[in-house]
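Let's take a walk through this protein together. Keep the picture open and follow along as we go.

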Amino acid sequence: MAGAGAVDLPVGAGAVLVVGGTGKTGRRVAERLSALGYAVRVGSRSAAVPFDWHDEGTWDAALEGVSAAYLTYCPDLAFPGAVEAVGAFSRRAVERGVGRLVLLSGRGEEAAEAGEKAVMESGAAWTVVRCAWFDQNFSESFFLEPVLAGELALPVGGAVEPFVDVEDIADVAVAALTRAGHAGEVYELTGPRLLSFADVARELSAVTGREVRFAPVSPEAYRLVLEEAGLPGDFAELFSVILDGRNASLGDGVRRALGREPRDFADYARAAAATGVWNA
Ligand SMILES: NC(=O)c1ccc[n+]([C@@H]2O[C@H](COP(=O)([O-])OP(=O)(O)OC[C@H]3O[C@@H](n4cnc5c(N)ncnc54)[C@H](OP(=O)(O)O)[C@@H]3O)[C@@H](O)[C@H]2O)c1
């Protein structure tokens, strides 16, 4: 099975399962695969064939006739239960004839590395797409409301992060799913620049024409903010950990996988502003 990654994936070879195929990265991966002519099956609780990480009874139907799969675990690969679910699902996928697996992971998350290992040991040809913070967190996720409110409150002080554009992540994931030469690779995906959250606030102020400020807060206070918004409080500790300096460097994953430079945060911000997502 591991030899599956040595050749391009033929368009008629079977469906490509995109777990989280309505999410930030999965939606873009599914769109690209469809445009290339691949049969795509979205794997999510609301999909036509429902898939739930927490209900093994949904897994076989989602894997029926699938030759390759993109795996995104929600809410986060570093959270309790993720490693067991991703490992068990990867093994089931291989038993059902899936030849290649591409896993979305997070940079600097020690707990997520156990999930990566489980996919590496599944017997499939594997690729790990290990990503920095997404640019699109500010326009399509839990930082949209704070940007609209004009204040980014986070427990991260002056930390810098090489934010990555999910368009680049989708390009890399699709290359790994469909093309030869990506099996056995761990791609560290970042943008081309380190930015602090104060830098991000300045970039967003510039493109929106409204003041967006950065306000450092304690992890305890931020946990309460998350829980009031209905989000997992564990993100507060995770953000403090991954922004402690360990990720303050650029990765070469986009260049290695695609032979081009990653997209800059300023280009993302201009494009997102043009959609009107940050209009008051
Ligand atoms: N945000 C970041 O900056 C960042 C950085 C690095 C890595 N990551 C990783 O990105 C992953 C999340 O991916 P994303 O941001 O592309 O997704 P997302 O935008 O958060 O969307 C979540 C997707 O997963 C599906 N989903 C939610 N719960 C599910 C469940 N129990 N079973 C099956 N599907 C479920 C959702 O559809 P339904 O609601 O229909 O089920 C949706 O398609 C996490 O593993 C995280 O570690 C994120």
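**Starting at the ligand**

Of the 26 residues around the ligand, the ones that come nearest are T22, R45, S46, Y73 and N137. One thing to keep in mind as you look: this is a predicted model.

Now zoom in on some oxygen atoms of the ligand. An N or O atom in the side chain of S44 sits 2.8 Å from a ligand oxygen. How much of the ligand does the protein bury? On its own the ligand would expose 920 Å², and the protein buries 86% of that.

Next, step back to the sheet. Strands of a sheet pair through backbone hydrogen bonds, and they can do so in a parallel or an antiparallel way. Here you have an open sheet of six strands, paired in parallel and ordered β2-β1-β3-β4-β5-β8. The edges belong to β2 (40-43) and β8 (185-189); each has a single partner strand, so one side of each has no neighbour in the sheet. From one strand to the next, the twist averages 15°.

For a look at one pair, pick out β1 (residues 15-19) and β3 (residues 66-71), which run parallel and are joined over four bridges. Within that pair, L17 stands opposite A69 in β3. Helix α1 (residues 24-35) packs on the sheet and touches β1, β2, β3 and β4 (100-106), and its direction makes about 165° with that of β1. Then there's helix α7 (residues 166-178), lying across β1, β3, β4, β5 (125-131) and β8 and running at about 155° to β4.

Time for some charges. Side chains of opposite charge can pair when their charged atoms come close. The structure holds 31 salt bridges, and one of them joins E31 to R27, with the closest N and O atoms 3.8 Å apart. Why are these two separated by about one helical turn? Because they are four residues apart in helix α1.

One last stop is a peptide bond. Most peptide bonds are trans. The bond from C74 to P75, though, is cis, with omega near 5°. You'll find P75 in the loop between β3 and α3 (82-95).

Key
Residues are numbered from 1 along each chain as its sequence is written. This is a predicted model: local features need pLDDT of at least 70, side-chain atom pairs count only at pLDDT 80 or more; totals for chains, interfaces and linings use all residues. Side-chain values use heavy atoms; hydrogens and water are left out. Two strands pair if DSSP finds at least two bridges between them. Axes are lines fitted to C-alpha atoms, for helices over the stretch in contact, and angles run from 0 to 180 degrees between N-to-C directions. Contact means heavy atoms within 4.5 Å. A residue is near a molecule or strand if one of its heavy atoms lies within 4 Å of it. A polar contact is a pair of N or O atoms within 3.5 Å; within protein, one must be able to donate a hydrogen and the other to accept it, and residues adjacent in sequence count only if both atoms are side-chain atoms. Accessible areas come from the Shrake-Rupley method with a 1.4 Å probe; for residues, only the protein chains shown count as cover. A salt bridge is a side-chain nitrogen of Lys or Arg within 4 Å of a carboxyl oxygen of Asp or Glu.
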